[in-house]
Amino acid sequence: MILVLLIVTIIVFLMVRLLPGDPILIYLTQQDLDEITQEQVDAIRHDLGLDRSLVTQYIDWIGSVATGDLGTSIIHRGKVGDDIKRRLPITLHLGGLAFIISIIVGIPMGVIAAVRRGTWLDSLLTSLGNLGITIPIFWLGILLIYAFGLKLDWLPIFGYTSPFKDFWLNTQQIILPVFCLAVPAIASAVRMTRSSMLEVMRQDYIRTAWSKGLRERLVIMRHALKNGLIPVVTLKGITLAAIVGGSVLVETVFSIPGMGRLAVEGLFSQDYAVVQAVILVVGIVVLAINLLIDLSYGWLDPRVRYG
Amino acid sequence: MSEEAERDLKSLEVPPRVNELRRFFKVFLGRPVVVFGVIVILILIICAAFPEWIAPYDPIKQDLKNVLLQPSSQHLLGTDALGRDLVSRIIFGARTAVMVGVVALGIAAVSGMILGLTAGYFGGITYVIIMRFIDALMAFPVMLLALAIAVLLGGGLVNVMVAIGIGMMSGYARVMCGQAISVRENDYIIAARSSGASNMRIMFRHVLPNCFPPMIVLMTMMIGMTILFEAGLSFLGIGIKEPTVAWGSLVNDGYKYLLSYPLLSTAPGIAIIVVVYAFNMVGDGVRDAIDPRLRGTF
C-alpha cells in the first residue's frame with residue numbers, strides 16, 4: 001500500500017517534469033522572459049531548485065506536498081491547495097452519494113435478478129444493467145436537463161450551493177448529477193452481483209442449505225450473499241475511480257465547480273500545477289477508500305482474516 | 001475377426017472432432033441480441049470505411065443559407081448552426097469512433113499484455129514492481145489520466161488514442177499476469193526450458209498463446225467502453241478538433257441549441273448508445289462462446 005502510494009506520487013511528479021520544454025517556462029510568462037537576463041533566469045531556476053537532480057527535486061516536492069503545499073496556479077497566482085480545499089468536498093459529496101446509491105440499489109437488484117433467473121424480472125433488470133453501462137453520462141445529463149429542467153421545469157439545471165447554506169436548493173441541484181453518476185455504477189453492480197450470485201448459487205453448500213429445508217431468505221442472505229459479494233466488493237473499488245472520472249463529464253454538463261471541472265479548466269488554461277494537484281489528490285483519495293474496501297474483505301471473508 | 005470384436009474396436013476410435021470454429025459461431029450467434037450487435041457493427045464498419053459514399057452531404061462544408069433546419073426529406077435530422085447536415089456528420093463521426101476505439105484498444109491490450117506477461121512469468125521483484133505500478137495506475141480514473149496525458153502530449157487524434165490506451169492498460173495487465181502465473185507452472189513450460197529455450201522464446205511462443213482466450217474476451221468486452229471514453233474526451237473538446245467530426249463533440253455542439261433543436265445533441269448520443277450497446281452484446285457473446293463456464297452468468 002505504501003509502495004503504491006509512493007509510485008502514485010512518482011507518476012504525478014514525472015508527469016509534469018516530463019513535459020516537453022523547460023519547466024521554468026511554467027513559472028515565467030513570455031513577457032518575463034523578454035525582460036530579464038539569462039543570469040536572472042538561472043537565479044530563478046536555482047531558487048526553484050530546478051538545477052538539482054530529479055531525485056532531489058522529487059524529495060523537495062513530496063516534502064512540500066506533505067505539508068499541504070500543492071503549488072501555485074499560473075493563472076490566478078493563488079495557492080492550488082485552496083482551490084482543492086474548496087472543490088474536493090463538492091466532488092466527494094456528489095460522488096459519495098452516487099457510490100452509496102449504487103450499492104443500495106445495484107446489489108439488491110443483482111441479487112433479485114439472479115434469484116429469479118429466467119423470469120421477466122431478470123430480463124428487465126439485466127437489460128437495464130446492459131443499458132446503464134452503455135449510456136454516455138454526459139448525454140444522459142443533457143437529456144435530463146432537457147426533460148426535467150427545460151420542459152418540465154421541475155429542477156434547476158446547473159450550479160452547486162453548499163448544503164449548509166441552503167439544504168433544499170442543494171438537494172434539488174444535486175438530484176440530476178448524482179443520478180447521472182450513479183447510473184453506470186448501479187448498472188455494473190447489477191451485472192456483477194447477478195453473475196457472481198449465479199456462480200455461488202450452484203455450489204454444493206447452497207444445495208445443502210436448500211435440502212435441509214432453510215427458507216429462501218436464509219439461503220440467500222446468510223449463505224449465498226456472503227460469498228457472492230466478494231467479487232462485487234472488488235468491483236466497487238474500480239467503480240469508485242470510474243465515478244470520479246465521470247464527475248469530470250457530469251460537472252461540466254451541470255456547471256458544478258468540483259474537482260473534475262477544476263481539472264478541465266486547468267487543462268484548457270495550460271495550468272499544469274492545477275492538473276497535477278487534482279490528479280494527485282484524486283489518486284490518494286481513491287487509494288485511501290480502496291484501503292477501506294480491502295479491510296472490509298476481512299469482515300466479509302474470514303479466509304482473508306485468518307490467512 | 002468376430003463382429004463383436006469389430007464393434008469393440010470401433011468404440012475405441014476417437015470420436016469425430018467437433019469443429020471448434022463452427023461450435024464457436026453456433027453459440028456466438030445463438031442469441032438474437034448478438035446477431036443484432038454483429039449487424040450494427042458491420043454497418044458501423046462500412047460507414048467508417050466509406051463515409052464519402054454513404055453520407056448525402058459534405059460533413060464540413062458550411063451552408064449558411066440553411067442553418068438550423070428542422071428535419072425534412074432533404075436533411076433527415078436537420079442541419080446544425082453552420083448549415084451542415086447532421087446525418088452526414090454522424091456518419092463521418094463513425095470513422096473517428098472506430099479508429100480511436102480500435103487503436104486505443106490495441107495500445108492498451110499490447111502494452112498491458114507485455115507488462116502482465118513479464119510480471120507473471122518472471123515473478124519476484126519484477127512482479128512486485130510492475131504490478132504495484134499497475135495498482136498505482138488504477139488509482140487514477142481513466143478519464144482524468146487520459147485528460148492529463150492529453151495535456152502532456154498536446155492535442156491531436158493520435159495523442160488521444162495513446163492517452164486512452166495508457167489509461168486502460170491496467171485491466172489487461174492484471175488479467176494477463178494472472179494467466180501467465182497459472183500457465184507458467186505447466187509441464188510443457190518446464191519441457192521447453194529444459195530443452196534450452198530462452199526466456200523470450202518461452203514467454204512469447206509458449207506462455208502467451210495459452211493466455212489468449214481471456215484476453216480476447218476482455219478485449220471484445222472493452223471496445224464499447226473505449227468508444228465511450230473517446231466520446232467523453234471529444235465531448236470535453238480534448239484532442240479532437242475541427243474539422244475532425246466526433247460524436248462527443250457533436251453532442252457538445254448541439255448542447256447550445258438544446259431547447260429549440262434538441263435533435264442536434266440527442267441524435268449523436270443515440271448513435272453512441274446503439275454502437276456501444278452492439279459492442280457490449282457482441283462482447284458478451286464472445287465470452288459465452290469462448291469461456292463456457294461463464295455462459296449466461298452475465
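**A note on helix α12(A) and its surroundings**

1. Let's start with one pair of helices. M259(A), L262(A), A263(A), G266(A) and L267(A) in α12(A) meet V274(A), V275(A), V278(A) and V282(A) in α13(A). Two residues are in contact if their C-beta atoms, placed from the backbone, lie within 7 Å. By class, this contact has 8 nonpolar residues, 1 polar residue and no charged ones (Ala, Val, Leu, Ile, Met, Phe, Trp, Tyr, Cys and Pro count as nonpolar, Asp, Glu, Lys and Arg as charged, and the others, Gly among them, as polar).

2. Before going further, note that this is a predicted model, in which local features need pLDDT of at least 70 and side-chain atom pairs count only at pLDDT 80 or more, while totals for chains, interfaces and linings use all residues. Residues are numbered from 1 along each chain as its sequence is written, and chains are lettered from A and ligands numbered from 1 in the order in which they are written.

3. How do the two helices lie? The axes of α12 (residues 259-268) and α13 (residues 272-300) of chain A come within 8 Å and cross at roughly 150° (axes are lines fitted to C-alpha atoms, for helices over the stretch in contact, and angles run from 0 to 180 degrees between N-to-C directions). α12(A) is therefore roughly antiparallel to α13(A), a label for angles over 145 degrees. Just after α12(A), Q270(A) has a positive phi of about 60°.

4. Is α12(A) enclosed or open? It is largely enclosed by the rest of the structure, because 8 of its 10 residues are buried (20 or more other C-beta atoms within 10 Å of a residue's own; 12 or fewer is exposed, and in between is partly exposed). Among the buried ones are R261(A), V264(A) and G260(A). The cover comes from both chains: it includes α6 (80-115), α11 (216-253) and α13 of chain A, together with α7 and α11 of chain B.

5. Turning to chain B, you will find 13 helices and 0 strands (DSSP runs of H or I for helices, at least four residues, and of E for strands, at least two, numbered from the N terminus). Of its 298 residues, 45% count as buried. Among its contacts between residues at least 6 apart in sequence, 69% join residues at least 24 apart.

6. Where do the chains touch? In all, 37 residues of chain B are in contact with 41 residues of chain A. On the chain B side, α13(B) gives the largest share, 8 residues. That side has 28 nonpolar, 7 polar and 2 charged residues.

7. The largest nonpolar core has 170 residues (a core is a set of buried Ala, Val, Leu, Ile, Met, Phe, Trp, Tyr and Cys residues joined through C-beta atoms within 7 Å). L181(A), A263(A), V278(A), L144(B), A146(B) and L147(B) touch the most other members. Helix α5 (residues 86-122) of chain B provides the largest share, 18 residues. Leaving aside residues up to four places away in sequence, L181(A) touches residues including L94(A), I137(A), I243(A) and V250(A).

8. Finally, look at L157(B), which sits in helix α8 (residues 157-184) of chain B. With 18 other C-beta atoms within 10 Å, L157(B) is partly exposed. Not counting residues up to four places away in sequence, L157(B) touches V100(B), G239(B), I240(B) and T244(B). L157(B) and I238(B) are 81 residues apart in sequence, and their C-alpha atoms are 9.4 Å apart in space.

Methods: Angles under 35 degrees count as roughly parallel, over 145 as roughly antiparallel, 65 to 115 as roughly perpendicular and the rest as oblique.
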